[in-house]
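Try each task before reading its solution.

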Amino acid sequence: MSKKAESRRDFIRKTVTGAAALSFGGILPGFSASSYNRILGANERIKIASMGVNSRGLALANNFAALKDCEIYNICDVDSRAAQVCIDSVRKIQGTSPTAVPDFRKALEDKDVDALVVAAPDHWHAPAALLASAAGKHVYLEKPCSHNPHEGELLMAAALKYKNVIQMGNQRRSWPNVAKGIAELHAGVIGRSYMAKTWYTNNRPSIGVGKNVPVPAWLNYDLWQGPAPRMAYKDNLIHYNWHWFWHWGTGEALNNGTHMVDLARWGLGVDYPTQVSSNGGRYRYQDDWETPDTQVINMEFGNNSMITWEGRSCNPQAIEGASVGVMFYGENGSMLITGGNAYTIFDLKNKIVKEVKATSVVNTSSLTSPSQALDAYHLQNFLDGIKDGKPLNADIVSGHKSTLLVQLGNIAQRTGRALDIDPSNGRIRNDKQAMKLWKREYEKGWEPKV
């Protein structure tokens, strides 16, 4: 590496001391957007290591590669097949070939790497982000930001300590018409909004009963498990069904519920709840699936408002004509935001008074890239946060608050009772059994820390 390149990398790492303020609404003294521009220059590109590229991660790598401000530099995946597919795809987009670095920790040791994109399974999200932060890297972190509430608290502490940019993948926060609709909501277009109903529906098949089989040659299963205590490999686990096991996943509530609950929290202008309850279960099939396939979570807040989330993984009947969405109810009407970059306002007679239509199609059933063009706004916001010090649309504090809401719903579901919550910090009150689910057990030597 040249002295010029080394100097640039060192300077980027040093200037992340200004980035922590991005997550809390400002720039630290001595730093400004113009100073970032002078440092990096118009033609400098942020070099990214992308972790987890089989599905959603492949779409993210391709989307980042298409942006002029960055370069996909390393591909990090425990599946050698997925890594090669991503390398070939990215090469066609950006014109240069990223290097395969199966263990992302090796990529974090590279001074040329500026940021880590984390799209590995949920149990890896926070631990990987924490390791990247400690290594002086910025982080784009897919939702949910954490596997459990304890990890979310660690992420917020890391942003303060390491002063790096951490953007969560709540991409709808950057979609122009969605943001416009939320702004109208805050301006009182339907009066005071006091309830938000959110939902997600699908028709997922049974995952069956897995068999213990040898680990495939293309998979580093030990690294895939990483911080999770070791479990035998089964043939119905990888690559997607891990979502439905508590050991690695977080269920539909965090898989898809996080997006709409985040919009609901944003629209109502609330932070931590006062009470959370949940009902549901694995109703459709009898198989290895552990998390609910049918679930209703209720979240109450201290300002006389509430959020509900309905998840149906195995029955696709739409709500309000959409498979995914949020409906805000207010004093003078309602506002509907479905899965696209659009919104509709109704009066109290259910008459449409305003309709802002999407300019592009969003395939909400896609598991990989339902909205590539729109998501590019969110990815660019992350890059602008690094280069120019611009405020993040989904910083880690905001991301943790929204993730925590559905995590609390899952804890209420697993304990079988409503939870009383401290609205100052989101912690569960007077329930030792529920607080045992605030964090998880880790494989020895893999415990995340700040």
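**Exercise 1. Find out how far the sulfur of Cys76 is from the closest cysteine sulfur, and decide what that says about a bond.**

Solution. This is a predicted model, so the distance comes from predicted coordinates.
- Step 1: the closest cysteine sulfur to that of Cys76 belongs to Cys86, at 10.0 Å.
- Step 2: a disulfide needs the two sulfur atoms within 2.5 Å, so this pair is too far apart for a bond.
- Step 3: widening the search to the whole structure gives 0 disulfides.

**Exercise 2. Classify Cys70 and Cys76 as buried or exposed.**

Solution. The cut-off for buried is under 20% relative accessible area.
- Step 1: Cys70 has 0% relative accessibility, so it counts as buried.
- Step 2: Cys76, with a relative accessible area of 2%, is buried too.

**Exercise 3. Work out the strand order of the open sheet of 6 strands, and say which strands stand at the edges.**

Solution. 
- Step 1: reading across the sheet gives S3-S2-S1-S4-S5-S6, and the pairing is parallel.
- Step 2: S3 (99-100) and S6 (166-168) are the edge strands; each has a single partner strand, so one side of each lacks a neighbour in the sheet.
- Step 3: now look at one pair inside that order: S4 (residues 115-118) runs parallel to S5 (residues 138-141), joined by 4 bridges.

Note on methods:
Residues are numbered from 1 along each chain as its sequence is written. This is a predicted model: local features need pLDDT of at least 70, side-chain atom pairs count only at pLDDT 80 or more; totals for chains, interfaces and linings use all residues. Side-chain values use heavy atoms; hydrogens and water are left out. Two strands pair if DSSP finds at least two bridges between them. Helices (H or I, at least four residues) and strands (E, at least two) are DSSP runs, numbered from the N terminus. Buried means under 20% relative accessible area, exposed over 50%, partly exposed in between (1.4 Å probe, protein chains only).
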